[in-house]
Amino acid sequence: MDAKDILGLPKNQLPIPQEKKSRPPKEPQRKPDGISREVYALTGGLAPLMPSVDVSQLKRRPPSDEKVTWQWLPFTNSARKDDLQLFHWVRVVNGVPPTGDYAFAKYNKAWTKEETDQLFDLCERFDLRFIVIADRFPSSRTVEELKDRYYSVSRALLSARAPPADITGHPLVKEPYNISQEVERKRALSMVLSQTKQQERKDTEVLAEAKRITESRMAAKGPEESELPAVANIGPDNSQRAITGDAVTPSTAMPSSAIAASSTLMADNASTLASLRMLRVYLRTYALDQMVQAASASAGLRTIKRVEQTLQELGVNLKPKVPTKAVCAEHLELRKEILTLLNLQKQLQYKEAEGTSFQDSPYSETPGTPKRAPRGDQDRPFMPDPLGFGGDRFGKRDQKRKAPGRTSEAAQSPSQSKRPRKMKASDI
Amino acid sequence: MSARKQGDGQPEDGGATAGKRLKIAKFSEDPEKKGLSRRLKDAEISLPIVYGTIAFYLGRKASESQSHKWTVYVRGATNEDLSAVIKRVVFQLHPSFNNPTRVMEAPPFELSECGWGEFEIAISLFFHPDVCDKQLDLYHHLKLYPEDESGPQSTKKPVVVESYDEIVFPDPSEAFYARVQNNPAVIVPRMPAGFNISAPVAPENTSERERGDTKDHPLSQWFMNFSEADELLKLAAARQQPFMEMIYEN
């Protein structure tokens, strides 16, 4: 009806004059319950060819002859070793509570004497062929479970019958059956067996790549320990990918220096130097970049940003404008020193925070300690300005501070308090 | 033609002179092979270079498609001739240029063009065989329009962008060292006393060398000055900051 309304079509033409009277009473009767008027109207106002599902019939259940009540009754669990009695709701039909063991007891993997006897009997009959035994076993147990039970029982018998000193060499005692390991091993084996050819190919590729990476790592570590033998196969790889100047970072030279970052900073430098030597030619800016990355490998992004901020405040270019050998060396050393400085400051703050947390009242801060919104990457509630040691020195940050003095910082050297002025470009 | 070896595979006509040149090169390289295999351990030879662009606004002569005239180049940092080390330079321009791959076989390694757009120029350096058999790639963004956009562009004052860098050759060959130990463009390491490698006898083409440096280059007035001293001073001062002393306390 509504659709026709929208379309502007005339409503049912012929029947209108005749059935006008009979219509209104018929319509409400015709409209079935269960589906809404609009939905029914979508079908065109006529009954569907197929009888629609009567929704009201759907949720009805067959009338039950039984009388069902629910009772709060005690129960015991055969799987338990003690006599614990708990309560739960029980569906009682016609006054008869259900029989049988607690439903979840069957999930307990305990071995009964009967089961164990059956196992040993089968073991004897089938010569410890556990696959056959598992098939014949009455209750469903996996091969690994049967093995585990058999070996542990045998071991218990052995240790009970023989003096402990004699049996330590016995395989049952020396290499006990590890069921979880066995399950895992067999699962992995079946996975390997069912691998498709593509997966196999991918695996070999990944393994070859890993081998190459470890070899280059060895090669990079080689020079710092002994004289470097010709590592011809690594050389071409590195130089092919890592010749360019500023913009491009190589993919293989980086892993060797990135992996070496787990060792000390000196090793970082040495391995970066080694990988640089592999290249037949490189730009000094590229070399500096690599060294900087190696030195900052242990630092987070935040720390690196702070190093750069410090450099800027000191009036030093983040990338040297005249990158000679001397300039690059100085720049690198400066960066490393700043990094050390920041790390020390962080450690200091941690120590201080630990100190304050041991105190009783959480409100016992020393006066003048600045409060700052906690940073996302640190748990410390207070984080004084890292360069706040020299208080007014770097005035930009201090403008936001109200308390100029930092009495809480213990490491302030006496000489610093004598030089409160900000470093200017004209100073140098 | 009869001088050519059998089975050389050289083309008949056009390759005749090329074949001859090749033969000569092969012949002269052989005694150098020994020098190539002996390398200087724990030493590096470095070549300080400056590369960049200078762009002039054409003013009245400017058109829609050609508003600027610019030059891209690679020069020695002290304007010395680089050709002892660099054999050729390839500039890769924007594809909208005709023959965007421009090869410069002789110094000064530069290229001038007219255009209207800024883009990244790829500069590939190829070295002599005894120096390095791998190329080195640099990238430079061509800047035509000045930072200060106030007022009309001057045709007299160009937009200059230069970058300083040093090409480092670790473990250089003895032949390379011998050849460049007295070259003003190259930084060679100080070798221990008693270390003697005689320079090759064959002199280089002197007339070419005179033109190869950029000391009297027409654009030399615009070259930037790169002073190591300034930067070193700043760095030293920074490292001596009192607050830096903290890391040596505790």
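I keep in mind throughout that the model I am reading is a predicted one. Looking along this pair, I found Lys69(B) standing opposite Cys114(B), which belongs to β5(B).

I then looked up the sheet around these strands, and I wrote down an open sheet of five strands with antiparallel pairing, in the order β3(A)-β8(B)-β1(B)-β2(B)-β5(B). At its edges stand β3 (282–283) of chain A and β5 (109–115) of chain B, each with a single partner strand, so one side of each is left without a neighbour in the sheet.

Next I turned to the cysteines, and I recorded that the structure holds zero disulfides over all chains. For Cys114(B) I noted a relative accessible area of 21%, so this residue counts as partly exposed, because buried requires under 20%. Cys132(B), with a relative accessible area of 5%, is buried.

My last entry concerns helix α4 (residues 228–239) of chain B, whose twelve residues reach 17 Å from the first C-alpha to the last, close to the 16 Å expected at 1.5 Å a residue. I listed its buried residues as Glu231(B), Leu235(B), Ala237(B) and Ala238(B). They cover an arc of only 165° around the axis, and therefore they lie on the same side of α4(B). When I asked what covers these buried residues, I found that the cover includes α18 (325–357) of chain A.

Conventions: Residues are numbered from 1 along each chain as its sequence is written. Chains are lettered from A and ligands numbered from 1 in the order in which they are written. This is a predicted model: local features need pLDDT of at least 70, side-chain atom pairs count only at pLDDT 80 or more; totals for chains, interfaces and linings use all residues. Side-chain values use heavy atoms; hydrogens and water are left out. Helices (H or I, at least four residues) and strands (E, at least two) are DSSP runs, numbered from the N terminus. The expected span of a helix is 1.5 Å times one less than its number of residues. Buried means under 20% relative accessible area, exposed over 50%, partly exposed in between (1.4 Å probe, protein chains only). The arc is that of the directions from the helix axis to the C-beta atoms. Contact means heavy atoms within 4.5 Å. A disulfide is a pair of cysteine sulfur atoms within 2.5 Å. Two strands pair if DSSP finds at least two bridges between them.
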